[in-house]
Amino acid sequence: MTSAVVTGAALGIGRAIAGRLVADGMHVVGLDLNDDALATARDELGDRFEAVVGDVGDWNAHERAADAAQRAGELRGWVNNAGVDWVGAAHEIDADHIERGLRVLQLGTMYGACIAVRRMLPARAGSIVNISSIQGVVAFPRYFTYDVAKAAILMVTRSIAVDYGAHGIRCNTILPGCIETPMTYAGLPPGLSRDEALRREGELAPMLRVGQPAEIAEVAAFLLSDRASYLTGTEIAVDGGATARCFPYPPLDTGGE
Ligand code: NAD
């Protein structure tokens, strides 16, 4: 059996990726801080989902996840997904805010990538997927640390792809747009029903809706599979067209009048 590590697998996008990989026949080790949500995921996904409680900002947590994945099968996939919504403009934040944000968003991805390649090198086979954001290529207001970290993830991907392409290891980035997850729920504006707030968020993308975690999981599963055999070092925006557009003013009346 082949195995994969998915960080931040307890909820949201990571949970959907874990479920998709289990359905595809892999053994999945989910590394996450949230032990209650990991236990729920384990109940729902069954024996082929294994929980490892830990912080992606801790190198050893990745080692433990890799050990578990290698005990269960041949480690062929690794998804660096865990992240936090980290709001603050440059004049509002301090060194502690920056360091804590980077630890999860940037160092967590770098640590995971390093350990994944070490474990994949002997077999000369494996695929790594890094979950960045459209904020890795376009800045959102008041997201200084998050934007910077998400941009750095693109270079993690390219660097790994360049160093290990000749060794059978691929690495790619997904740039999600606004996806319906607990992280997104927590950031919705107050005073609106969840449905109405999500509808308004969705209007920021040309497809006029937010995305679903399963729509990210589909692309992650593809990138991890041999179907993506010549794809490495690049990024795929899964954003309903959000980054294709400059200003979101409506030049066309699409109301059919
Ligand atoms: P979420 O908050 O719904 O789930 C994140 C999961 O990561 C949780 O289970 C949480 O416990 C875990 N986690 C957080 N910090 C951790 C840490 N230090 N160590 C281990 N686990 C940790 O978030 P989500 O929306 O599913 O986001 C997943 C990834 O996608 C993140 O990297 C996020 O930045 C990115 N992303 C999300 C969106 C979106 O709209 N939801 C858009 C672009 C990018």
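**Rings and packing**

Reply: Tyr143 and Tyr146 are both buried. Keep in mind that this is a predicted model.

Me: OK, how are the rings of Tyr143 and Tyr146 arranged, then?

Reply: Their centres are 5.5 Å apart and the planes sit at 65°, which is over 60, so the pair counts as edge-to-face.

Me: Which cluster do ring pairs link Tyr143 and Tyr146 into?

Reply: One with Phe140, Tyr143 and Tyr146 in it, linked by ring pairs. The rings of Phe140 and Tyr143 have centres 6.3 Å apart with planes at 85°, so that pair is edge-to-face.

Me: Is Phe140 buried, exposed or partly exposed?

Reply: Partly exposed, because its relative accessibility is 33%. Tyr143 comes out at 15%, so Tyr143 is buried, the cut-off being under 20%.

Me: How many aromatic pairs does the count come to?

Reply: The count comes to 3 aromatic pairs.

Me: Switching to charges: what lies over the face of Tyr185?

Reply: Arg194 does, at 3.4 Å from the ring centre.

Me: Now helices. How do H3 and H4 cross?

Reply: H3 covers residues 59–72 and H4 covers 95–120; their axes come within 9 Å and cross at roughly 35°. The crossing is right-handed.

Me: Which residues make the contact?

Reply: From H3, Trp59, His62, Glu63, Ala66, Asp67 and Gln70. H4 brings in Gly108, Tyr111, Gly112, Cys114, Ile115, Arg118 and Arg119.

Me: And what's the split by class in the contact of H3 with H4?

Reply: There are 5 nonpolar, 4 polar and 4 charged residues in that contact.

Me: Next, Val29. Where is Val29 found?

Reply: In strand S2, residues 27–32. Val29 has 0% relative accessibility, so it counts as buried.

Me: What does Val29 touch, leaving out residues up to four places away in sequence?

Reply: Ala4, Val5, Val6, Glu50, Val52, Ala65, Ala68 and Ala69. Take Ala65: Val29 and Ala65 are 36 residues apart in sequence, with 6.4 Å from C-alpha to C-alpha.

Me: Last one, Thr181. Where's the place of Thr181?

Reply: In the loop between strand S6 (169–176) and helix H6 (182–186).

Me: Why does Thr181 count as buried?

Reply: Because its relative accessibility is 7%, and buried means under 20%. Not counting residues up to four places away in sequence, Thr181 touches Gly12, Ile13 and Pro213.

Conventions. Residues are numbered from 1 along each chain as its sequence is written. This is a predicted model: local features need pLDDT of at least 70, side-chain atom pairs count only at pLDDT 80 or more; totals for chains, interfaces and linings use all residues. Side-chain values use heavy atoms; hydrogens and water are left out. Axes are lines fitted to C-alpha atoms, for helices over the stretch in contact, and angles run from 0 to 180 degrees between N-to-C directions. Helices (H or I, at least four residues) and strands (E, at least two) are DSSP runs, numbered from the N terminus. A crossing is left-handed if the near helix is turned anticlockwise from the far one by less than a right angle, and right-handed if clockwise. Contact means heavy atoms within 4.5 Å. Ala, Val, Leu, Ile, Met, Phe, Trp, Tyr, Cys and Pro count as nonpolar, Asp, Glu, Lys and Arg as charged, and the others, Gly among them, as polar. Rings of Phe, Tyr and Trp (its six-membered ring) pair if their centres lie within 6.5 Å; planes under 30 degrees apart count as stacked, over 60 as edge-to-face and the rest as tilted. Buried means under 20% relative accessible area, exposed over 50%, partly exposed in between (1.4 Å probe, protein chains only). A charge sits over a ring if NZ of Lys or CZ of Arg is within 6 Å of the ring centre and within 35 degrees of the ring normal.
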